[in-house]
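Here are a few exercises to work through with the structure open beside you. Try each task before you read its solution.

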Amino acid sequence: MPTALITGITGQDGSYLAEHLLSQGYAVHGMIRGQANPKRPLIEAMLPDVQVVEGDLLDQASLINVVQDAQPDEIYNLGAISFVPLSWNQAELTAETTGLGVLRMLEAIRLVTGASRSRSDGANGIKFYQASSSEMFGKVRESPQTERTPFYPRSPYGVAKVYGHYITVNYRESYDLFACNGILFNHESPRRGVDFVTRKLSLGAARIKLGKQNELLMGNLASKRDWGYAPDFVRAMHMMLQQEEADDYVIGTGEYHSGNEFAELAFKHVGLDCGDYIKSDPRFMRPAEVDHLLADASKAREKLGWEPSVDFQELVRIMVEADLQAEAKAS
Ligand code: NAP
């Protein structure tokens with residue numbers, strides 16, 4: 001039975017990836033951080049077949065211990081400070097976690113497997129997936145973006161992801177590690193954190209419909225993103241590690257929509273007009289904006305055979321329905 005280790009198991013992608021790998025017959029170890037992490041009982045209830053292990057991307061020795069104990073065939077590094085606006089307020093923590101955390105995990109693999117620069121037989125053990133991001137393209141140099149588009153990150157988060165991306169490429173080339181970067185464009189779901197724009201909109205529409213809230217304060221809704229459905233995207237992560245050779249892949253739907261379009265559809269779904277409820281609030285504006293991101297995922301389609309299964313309209317419907325049901329139950 002293959003064994004996988006997932007960092008960021010308490011996050012949106014971690015839970016979907018764990019479910020996917022379990023369905024493929026994997027033994028799954030999920031890493032959580034902190035003492036008495038309040039999310040631990042939630043994860044244990046939601047994913048009873050996942051073995052929860054403790055470690056932190058800020059702590060090198062903890063990663064070595066986790067890798068040594070789990071003896072994984074595959075590691076998926078999803079852990080990160082991932083909320084872009086937060087990265088301006090906690091830039092150093094973002095660099096340490098989202099950037100240097102990748103180096104620490106690669107070092108743990110190198111030390112545990114004894115991977116060395118002199119070895120070039122491809123036998124350097126554990127396969128590694130790094131969660132790279134379309135935010136690395138930032139102020140885009142071309143559109144749509146491919147694996148060859150130059151990076152121009154526009155946030156401390158994007159900068160940290162560029163470091164994580166290139167250190168993964170560097171360890172692949174230096175130590176013959178099977179290490180891949182998935183350059184994932186935005187992907188959403190009912191499990192998306194409540195601060196993220198799509199979830200804020202779906203939850204806001206549901207709560208306003210149910211009379212639990214009167215208005216919704218939002219930042220910039222004019223920016224366009226290539227929004228997909230998270231369960232589709234975790235399939236791509238697994239596919240990358242099943243190839244003959246390690247490589248980097250852009251994953252996205254090839255369609256982009258503005259936050260305003262998401263808002264209109266979400267409110268329309270509950271029979272309301274978003275213009276009556278959404279107010280612009282400068283507190284939620286980014287100091288440097290990323291205006292539009294659009295994926296060209298041709299390489300993933302051709303080499304991995306990956307295709308998204310949920311389009312934008314369906315994504316909005318899934319998210320609003322889930323929030324309506326959860327909020328109705330909670331009242
Ligand atoms: P998420 O829901 O924000 O999850 C982030 C995870 O990282 C959480 O489990 C969090 O744990 C963990 N984490 C934070 N600091 C850590 C540390 N010091 N040590 C270990 N774990 C730590 O993110 P997501 O949406 O699932 O995304 C997964 C990954 O893909 C992230 O790296 C993200 O940056 C990247 N990505 C996401 C998207 C997207 O659209 N979703 C697009 C491109 C790339 P706690 O619960 O303890 O905080």
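**Exercise 1.** Is Arg-207 buried, partly exposed or exposed?

*Solution.* Before we start, note that this is a predicted model, where local features need pLDDT of at least 70, side-chain atom pairs count only at pLDDT 80 or more, and totals for chains, interfaces and linings use all residues. Residues are numbered from 1 along each chain as its sequence is written, and side-chain values use heavy atoms, with hydrogens and water left out.

Step 1: get the rule. Buried means under 20% relative accessible area, exposed means over 50%, and partly exposed is in between (1.4 Å probe, protein chains only).

Step 2: apply it. Arg-207 has a relative accessible area of 24%, so it's partly exposed.

**Exercise 2.** Which residues does the network of salt bridges around Arg-286 join?

*Solution.* Step 1: Glu-135 forms a salt bridge with Arg-286, with the closest N and O atoms 3.2 Å apart. Glu-135 is in the loop between β5 and α6, while Arg-286 is in the loop between β13 (278-280) and α10 (298-304), 151 residues apart.

Step 1: Arg-286 also forms a salt bridge with Glu-289, and here the closest N and O atoms are 3.9 Å apart.

Step 2: look at the cover. Glu-135 counts as buried at 6% relative accessibility, and Glu-289 is buried too, at 17%.

Step 3: Salt bridges that share partners join Glu-135, Arg-225, Arg-286 and Glu-289 into one network.

**Exercise 3.** Where is Ser-223 found, and which side chain does its own side chain make a polar contact with?

*Solution.* Step 1: look in the loop between β8 (216-218) and β9 (224-225) for Ser-223. At 9% relative accessibility, Ser-223 counts as buried.

Step 1: the side chain of Ser-223 makes a polar contact with the side chain of Asn-220, at 3.0 Å. A polar contact is a pair of N or O atoms within 3.5 Å; within protein, one must be able to donate a hydrogen and the other to accept it, and residues adjacent in sequence count only if both atoms are side-chain atoms.

Step 2: leave aside neighbours within four places in sequence. Ser-223 is then in contact (heavy atoms within 4.5 Å) with several residues, including His-257 and Glu-289.

**Exercise 4.** How far apart are Arg-110 and Tyr-175 in sequence and in space?

*Solution.* Step 1: find Arg-110 in helix α5 (residues 91-113).

Step 1: Arg-110 and Tyr-175 are 65 residues apart in sequence and 8.0 Å apart in space, C-alpha to C-alpha.

Step 2: leaving aside neighbours within four places in sequence, Arg-110 is in contact with Ala-115, Tyr-171 and Tyr-175.

Notes: A salt bridge is a side-chain nitrogen of Lys or Arg within 4 Å of a carboxyl oxygen of Asp or Glu. Helices (H or I, at least four residues) and strands (E, at least two) are DSSP runs, numbered from the N terminus.
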